[in-house]
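Hi everyone, thanks for making the time.

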Amino acid sequence: MIGGIFSFHNSLEQTTPQFTSGPQKPKCKSLSLREFQNAQTMVFAIDEINNRTDILPKVNLGYKIYDSCGSVEMAIRASLSLVNGYTEKLSCSRPETVQAIIAETSSTPTIAISSTVGPLHIPMISHFATCACLSDRKKHPSFFRTIPSDYYQSRALAKLVSHFGWTWVGALCSDNDYGNNGMNTFISAAKEEGVCVEYSEAFLRNGPKQNILRIIGIIKSSTSKVIIAFVSYSDMEVLLTEMALQNVTGLQWIGSESWISDMNIATVEWQHILRGSMGFAIPKAKINGLGEFLTKLYPSYDTDLYKELWEAIFECKLSTTENAKLKDMCKGNESLSKVQNQYTDISELQIANNVYKAVYAIAHSLDKSYNCSISGSEQEGFAVCTNTTNNPQHWQVLSELKKIHFSTTTSEEVYFDENGDPTARYDLLNWQQGTTGKIVFVKVGFYDASLQAHLQLSFNNMSITWANNTHQVPVSICSESCPTGTRKTVQKGKPICCYDCIPCGEGEISNMTDSVTCTKCPAELWSNDEKDKCILKLIEFLAFEEILGLILVLFSLLGVCITTGIAVVFYTHKDTPIVRANNSELSFLLLFSLTLCFFCSLTFIGRPSEWSCMLRHTAFGITFVLCISCVLGKTIVVLMAFRATLPGSNVMKWFGPPQQRLSVLFFTLIQVIICALWLILSPPFPDKNMNYYKEKIILECNFGSAVGFWAVLGYVGFLAILCFVLAFLGRKLPDNFNEAKFITFSMLIFCAVWITFIPGYVSSPGKFTVAVEIFAILASSFGLLFCIFLPKCYIIILRPEKNTKKQIMHKETNK
């Protein structure tokens, strides 16, 4: 015996007890043709199995079916009746407890029934209870179902919403176990997919109307354009009725399997609201022979329920002694094969097929419990059972039910996982307007939870119709996508889908839309103006091609030309008194060293290389020491020359030409040694300075050893100060042409330039650091050149009459 519990009626008639008699039997109302079809499918499957010889031979299956009237209380009462073998007549024999129960259409009464029969180890299979909570084996140890759990449907809906880029959605659910559990799972899965729920509301069809009106107000004021409706079909009708009155349209509905394929919902009355709806439904199925079986029902069956069905379908009254004279009496020639309704319609057999598979699952479990097997005549399909003396125990049927794996007549595999759930497979349906103006369910995709994650959701090439009967995918987002070059920052107090777009900082990029963070560019790269890719930083160095470099080159060459010109003038007039009186050998050496100083400045211009870095500072140090050594030699000669004029003085023999050459060589050699040590121990090298400018790379010469650099510069400064002091001491010597005075001026300019060079060098950025150094070299070189040689050239060229020994030796008269 197999038990069945179906909601033939949607609700109970509410009666007020009068307390004048005992409790009356509850009366049900609102006959459900679809549930009647499901129950008849169970009967059809049992008859089909009883007529087969390959399953349960010589064992007849019977059934007891109860109406729960959409009530939890009635469902529990029916389950207890099935367990206790309830009968109207008193019997002293052992009650016939059913071997298994097929129930129920909704999750809440199914949970109640499972909690009742679970501790008794009575197997229970549901054909339409999808609540994920029923997969808990601790609470529901004997529960199975032939419809997938809402856990998979909720995740499928989340993938669907994410696929179309809807990150801002509303959510509605039935305020029961089916709706609340399904919506909780959806919200969790939606978060994983990056989808935010603007609002989540629950309601029931028999709840207060104010709640429905409140929810519709929320929908109208919301900014999301997509609604996920995890609602049972009966609750959906109540909501849609009120929405039609308030003309709430233009929303994209995504439905659960409870209503997305229900023809009662897809009526002309609500077409303008639900056209373009989409959702997952149980795949269609075909059951051979079911259509003929359904139409063989006659009101002569000794059951009030069949009579009620007949009267509801044909809208007439069956003849009885009480209503024999009524005008709307049934004529007796009505035929179910000539009507089209939910009961006779076999085009949508998703739920009926689940009932069919449930009956066969129980039959196969009983087959194993009776030890039935095919023997001898396998080709003819006959089987024998070795244990038919006693009915199997419930725990035996339950144990076999966990292990079954068979194929139906339509080659559909049936088996259960460790939680009693089947493999989740759904058709993705889209509500489109047919040629007749009615809504048709078009399969536009498929979901299979047994596949890999990226293959689970697939679409075919069918064109999808969206809300407002358009073919453009609706947009439902809280904030516009952040373009490349920006990052998302969450708005305070709002979900993560509501954000502002903040431009990436300097040196950062984002090359994807809706980037959460900006990526910092590598050290040698910098962000472009759009902040969407890293580009090479600008390389900065003092180049020959730029204006500043050209100006400095021109001044360097000008210095070389002037120095060469002065050298030519001096060489031409080398025998004149003024040239001979001013130590012509040191003068030519000084001019040569100044030429090297001007050329030295050119080594600072151009892209730094390993050789140029080592050359520029060492050449600068050595040439300037050579230059200052010559000036120092000339100063000492001037001072000693006047001391040599004193009676008895022979000091000039210590400062003759050989001694002057040795002094210049000695002073220069010291600088050469310093530079050699610097180059050996820690030489300068080309370096990329990325600290001063973030967006530029400064190519410069790293000193290698700062001690070496400042030692070279300090030695030059020491000689310059020494020369200045000595020249200052001899500035008032009574000579008509006092060279010490001009050397004093030149050293004063030299020292001033290099003292101001230090703060300018330290504070100048990038290539201007090199420019300051070149300027100091040129300025000090020009100072020496002009102060020492221009007065002589003036006399040689413009005042040759003073270029005589008499004028040179003439002493100024004291005034």
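The largest nonpolar core here has 65 residues, and the members touching the most others are Met747, Phe750, Trp754, Leu784 and Phe789. By nonpolar core I mean a set of buried Ala, Val, Leu, Ile, Met, Phe, Trp, Tyr and Cys residues joined through side-chain atoms within 4.5 Å. Buried is under 20% relative accessible area, exposed is over 50%, and partly exposed is in between, with a 1.4 Å probe and protein chains only.

Which helices each supply at least two residues of this core? They are α13 (547-572), α14 (577-581), α15 (584-602), α16 (610-644), α17 (657-681), α18 (706-729), α19 (739-763) and α20 (767-798). The most comes from α20, with 14 residues. Helices here are DSSP runs of H or I with at least four residues, strands are runs of E with at least two, and both are numbered from the N terminus.

Let's stop at Trp754. Leaving aside neighbours within four places in sequence, Trp754 is in contact with Phe620, Phe624, Leu713, Ala776, Ile777 and Ser780, where contact means heavy atoms within 4.5 Å. Apart from this core lies another one, of 56 residues, including Ile49, Cys316, Val355 and Phe406. As general background, nonpolar side chains tend to be buried together in soluble globular proteins.

A word on the ground rules. This is a predicted model, where local features need pLDDT of at least 70 and side-chain atom pairs count only at pLDDT 80 or more, while totals for chains, interfaces and linings use all residues. Residues are numbered from 1 along each chain as its sequence is written, and side-chain values use heavy atoms, with hydrogens and water left out.

Now the overall picture. The protein has 815 residues, and 49% of them count as buried. Its secondary structure comes to 21 helices and 28 strands. Of the contacts with a separation of 6 or more, 67% are between residues 24 or more positions apart. The accessible surface is about 40300 Å², with 57% of that belonging to carbon and sulfur atoms; areas come from the Shrake-Rupley method with a 1.4 Å probe, and for residues only the protein chains shown count as cover.

On to the aromatics. How many aromatic pairs does a search of the whole structure find? It finds 29. Rings of Phe, Tyr and Trp (its six-membered ring) pair if their centres lie within 6.5 Å; planes under 30 degrees apart are stacked, over 60 edge-to-face, and the rest tilted.

Take Trp166 and Trp466: their ring centres are 5.6 Å apart and the planes are at 90°, so this pair is edge-to-face. Trp166 is in the loop between α4 (150-163) and β8 (168-174), and Trp466 is in the loop between β19 (457-459) and β20 (486-490), so the pair ties together parts that are 300 residues apart in sequence. Are these two buried or exposed? Trp166 counts as buried at 0% relative accessibility, and Trp466 counts as buried at 3%.

Tyr571 and Phe588 are edge-to-face too, with centres 6.5 Å apart and planes at 70°. Tyr571 sits in helix α13 and Phe588 in helix α15, 17 residues apart. Here Tyr571 is exposed at 52% relative accessible area, and Phe588 is partly exposed at 27%. There is also an aromatic cluster formed by Phe6, Phe8, Phe36, Tyr306 and Tyr343.

Last stop, charges. The charged end of Arg34 sits over the ring of Tyr233, 4.2 Å from its centre; the criterion is NZ of Lys or CZ of Arg within 6 Å of the ring centre and within 35 degrees of the ring normal. The charged end of Lys488 likewise sits over the ring of Tyr499, at 4.6 Å from the centre.

The whole structure has 15 salt bridges, each a side-chain nitrogen of Lys or Arg within 4 Å of a carboxyl oxygen of Asp or Glu. In one of them, Lys357 meets Glu412, with the closest N and O atoms 2.8 Å apart. Lys357 lies in helix α11 (residues 350-369) and Glu412 in the loop between β15 (405-407) and β16 (413-415), so the bridge ties together parts 55 residues apart in sequence. Lys357 is buried at 9% relative accessibility, whereas Glu412 is partly exposed at 28%.
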